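This briefing is for a reader meeting the structure for the first time. Please look over the sequence and the model before reading on.

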Amino acid sequence: MNLNKIDLKKSSFALPIFAIAIFILILFIFPIISASFSVGNPNRSLETVYGPSGNITGWINISFSSEPWSSVFMDSRGNSANLSVVLKNNGVYRYSCSPIDCKEDYTASDGSTTKTETLNFGNSKTYGIKLTGNVFSIDSFGFVLDSNAAASCTNQIEVDFLDDSVLDARNKNSLDSGSCINQKNYGCFDSGQTMEEFTFPTGTTPYCEKVNLSSSPGFFIGGWIKKMSGSRTLKASIYDTAGGGEIANCILPNGSSSGGEVSCNVSYSVTTPKEHYVCISATSGSGDYKTRGYSTTNGCGFYGTPVPSTTPAAYQIFAQGKQFGAVGSMGVNKSVSNGRTFAELAEEYLTEKYGTKDCSSGCVIPLSIKSNFNQNITIKNLQVNYQKESGIVTENNFYEVQTTPAKVTSGFQRLYLDGSGFSVPANLGNSTFSLRLNGQGVISEKIEVKDIPIIKSVSPTNAASAYPTEFTVSVTSKYNLTGFSWDFGDNSQEITTLVNKASHAYNSVGVYNLMVRVIDQRGLSALRVFMINVSSPKELINSSLYDAEKDISNLEEEISTFPQFYQDSLNLALNLDSAKQKVVFLKSAYQNATSEAEYSEIVAEIIELNIPEGIAKSKSAQDLTLFSGPDYVNLPVLQEIAGGNYSSEREEDYVNAVLLWKQENLETKVDFNEFSGRYTGYVEPITRIFEIKVGEKKDIPYDYYLIIPEMDGFATDADYNTQSGYIYINIKEDNSVSFSTTEDVDFTNLNAFISPAISRLAVAEESIPEEKPKWTVFILVVFLLLVIGFVVYIIMQEWYRRRYENYLFKNKNDLYNMVNYVNNAKRKGLKNTDIEENLKKAGWSSERIRYVMRKYAGRRTGMLEIPITKLTEKVGGKPKNQK
C-alpha cells in the first residue's frame, strides 16, 4: 500500500467528521477547563424528600481554584447565595483566600500629591496609598483634608482609614453659640404629665435622668431650675451608664424665682449616639432650689447615688447637641479613637491582608472619605514614612483605586448547602432541583415535596469540649413523631432517641456538623444539618458572656427606637432584665470559680441562655379590616361579660346579629407587626403586636367590648379583664388598643370579635312556617331526599369550615402575602376587578382569589352554615365553647 496516496472519496467524508469531533470536544471540554471549580465523585448527597418550601439539605463534593469570593450560587427556583455566604455557613469546609483575609483587594493607578473631589450628601470616595518593597516598619502617617462645608448639626465629613466601616477621624470643630433643637433629648420625660417640684438637699445628692446623647462635638446640658431663696452653686454632669466616674461637667446659671430651663456647655464629643446619665447637684452655698418632674413606674430618672436598681421618676433634665463648626483645614495624623496611630493600623493591615509586609508586588492601603454635606474636598500633604529593605522612604501620592474580589482555593470536600437559602416548591409533588455557580451547572437532583415534619432549629449551637451537653431540636409536625436520630459529626456512633433531646460530649475543640433526622408516625422523615462550635469550658464561658453582653446591648439599642408599647412588649417577650441579671451573676461566679466542677455548673447555665443577636420585623401589615367570622363569636362568654339573654334555639341568629352590629356601627382597622429574633443559624418569632383602631359610624351611647381568647405572653396598653378563658376590653373607652402575644397568630386568624350587651343586638324576627300539605308519601320521599341532602351538605360544610383554608393555602405565608397585597392595593384606590386581574397575572388561581377577596371584606368564605354544633349540643347537653 502507498501510504502517501490519498483516498479522496474517504477523506471528503472523514475530514468533516474529524473537524466536528474536535469542535464538540472544544465546546464541552473548554468550559470545564476554564471553570474555576470542579465537582468530584461522588458529586452530591442531598435529601430527596422535603416539606413545602423546605430548605435544601445535604452536601456537594466541590473544589475551587481562584474562584471569586463574590461568585453566586443560584438554584432552579431563582434563590441565590454568594459563595462567601455558603462557605461561612460551613464551619468544616477548609479553604484559603487571596488576599488571606478573604476581603476585596485593591489596585492603584493615577497617583498624584493632591486629589480634589466634589462630594454631595451621602457620597463617598475611596483612595489608595501604595507601598513598595519589603516593608520593615511604618513610622508615621498623616495628611491634610480641606473642605468648604459650613457649620451643621450633623458631622460633615468622616474619614474611614482602611475602608472597614470604622469611623477613624471626623470634624471636631464645635460652635458654642450654635445648638441643634432636633438633638435636644429629655430621656423619658413627658412635659404633658402632671408635675411636682423636688428640692435640692443640703448635701450634693444629685437628680439624674438617662438621656440619649446625639453624635455631636459637645453639648449644652441642664434642666428646669427654680430659685426660691439663698444662693447655691448647681453643677450639671455627664456619667457613662456602664459605670465609672464623671465624664464632663459645667456650672449652671442661677435659676429664676418663677422657674425655667438653664444650661451650660461641655466639650464632651460623642461619635455614636449612646445613652448617658445627665445629673444636676448642688455643690456649695445655701438656699432653697428646686427642679421638677413626676413619679412613674416606667421612669428613667432617679435621685441619689449609686444608680438604683429601679428608676421611679422622670425629670426635666436634658442634653442638647452643639453644632459642628465649619470644617476648614483638617489635619489627619494623630491617633484614632482607640488610642492607636494610623501608622500602627497600616502595619497591622498589611499583615492581616497579605500575611506579610513584603510589598514587592505593591500593597495598597485604602482610605475612604464619606460626606454628610454637599462640599468640595481636597486631600494633600500626604507623608507616609516607612522603612524597607533598601532604606527609609516617604510616600506622597494618593491613588485612584479599583477593587477586585478575593479568590478562593480548596481541595475536594463536602460543602453543605443547609442554611444557604436554597429551597423546594411550596406545592406537593415531584420536581427537579438544580444548582449553578456563575451560570455553570453544578448538580441536578430529583426531589419530592411531601407533608413531612419541619425541623426548625437546634440548641445550643455552642458546646464545651469533654462536657456532656444536652441538645434539643425544635420540630413542627401535624403527626406524632416516633423517632430522632443524631449524627454528631465527630465519628462517634449515631444514636436514636424517642424524644427531641440527646446528650453528647465532644472530646476535642473544633467545628462539627450535627445531622438530625426526624421520623413521624407515617414513616416519613426530615433531615437537617447544624453547625456546632466546640471550645474549651473557659473559652466557652468567656466568649458566651461577652456575646451575651454585646447582644443585650444591641437589643436594648434596637428596642429603644420603637414606640413605648413595642418596647414593653419586646422586653417582656425577651425577659431582658432577667437575662442581664443572669449574665452579671455568671460573670461573678466565673471570676470566683476555682474547680472544674464550678466551671461545669457555669457552662450548664450559659448553655441555657438563649439571647438573640438582634431583632427585626418579620411580618407587617397596616390598615387592614378586622376580620370577624361566625366561629369567632362566643355567645355564652359575651353573656357573662356584657349581660343580656339569648335563645339557644336561635344561636345562629344572635351570632349574625353580633357581626351585623359591628358592620353597621363601627369602622375597625388593625395594624399587625411580627418581630423575630436572629439567632445563630436561624430566625424565630418573638412576639406579635396588634393595634386595633375603632371609629364609630354614628354616636353609640353604650359600652361595647373587644373580646379575644386568652393568649400566651399577653400584654396590652389598655385596662382589661378575663372571663372564662377570654380577655375583654371596653373599647368604647379605649377606641385604640394595642396588645401583644407570643402565640403564633396574625391578622388572618385572630379570633377576635366586638359586641355590646346581647340586649343591644337587633335579632331578626323568627318566621312562622306555613302549613304543608299532608300528602304522606310525597312528604316521606321529600323528607328522605332532604335528609340525604342534609347529611351531604353537613359533610361539605364541615370540610369547608375546618379544612378549606388549609387546602387552598398549604403555606400560610401565601395567604398572608395575598391579604397584604389586597390591603395595599385598596389603599392605593384600586378596584376589586383590577386587584383580581393583577392576582391572576401573578399566577394565583381564581378559587384562591375569591377566598381572599371575601375574607378581606369580612364576608362568608365557605358554604352557608347550618348550626350543626348547636344541634349536637342539644343532644349532648354541653354548652358551646364551655371550658
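The points below cover helix packing and then aromatic pairs.

This is a predicted model, in which local features need pLDDT of at least 70 and side-chain atom pairs count only at pLDDT 80 or more, while totals for chains, interfaces and linings use all residues. Residues are numbered from 1 along each chain as its sequence is written, and side-chain values use heavy atoms, with hydrogens and water left out.

**Helix packing**

- Two packed helices are described by the angle between their axes and the distance between the axes.
- Helices (H or I, at least four residues) and strands (E, at least two) are DSSP runs numbered from the N terminus.
- Axes are lines fitted to C-alpha atoms, for helices over the stretch in contact, and angles run from 0 to 180 degrees between N-to-C directions.
- Helix α4 (residues 537-559) and helix α6 (residues 576-592) have axes that come within 11 Å and cross at roughly 150 degrees.
- α4 and α6 are therefore roughly antiparallel to each other (an angle over 145 degrees).
- Residues of α4 that meet α6 include Ile-541, Leu-545, Ala-548 and Ile-552, and among those on the α6 side are Ala-579, Val-583 and Leu-586 (contact means heavy atoms within 4.5 Å).
- The residues of this contact between α4 and α6 divide into eleven nonpolar, one polar and five charged (Ala, Val, Leu, Ile, Met, Phe, Trp, Tyr, Cys and Pro count as nonpolar, Asp, Glu, Lys and Arg as charged, and the others, Gly among them, as polar).
- α6 also packs with helix α7 (residues 596-608), at an angle of about 160 degrees and with the axes 10 Å apart.
- α6 and α7 are therefore roughly antiparallel to each other.
- The contact involves, among others, Phe-585, Leu-586 and Tyr-590 of α6 and Tyr-599, Ile-602 and Ile-606 of α7.
- By class, the α6 contact with α7 has seven nonpolar, one polar and three charged residues.

**Aromatic pairs**

- Rings of Phe, Tyr and Trp (its six-membered ring) pair if their centres lie within 6.5 Å; planes under 30 degrees apart count as stacked, over 60 as edge-to-face and the rest as tilted.
- The count by this rule is 32 aromatic pairs.
- The ring centres of Tyr-277 and Phe-302 are 5.3 Å apart and their planes are at 90 degrees, so this pair is edge-to-face.
- Tyr-277 lies in strand β18 (residues 274-295) and Phe-302 in strand β19 (residues 301-303), 25 residues apart.
- Both Tyr-277 and Phe-302 are buried (under 20% relative accessible area, with a 1.4 Å probe and protein chains only).
- Phe-690 and Phe-739 form a stacked pair, 5.1 Å centre to centre with 20 degrees between the planes.

Technical notes: Parallel < 35°, antiparallel > 145°, perpendicular 65-115°, else oblique. Buried < 20%, exposed > 50% of the residue type's maximum accessible area, 1.4 Å probe, protein only.
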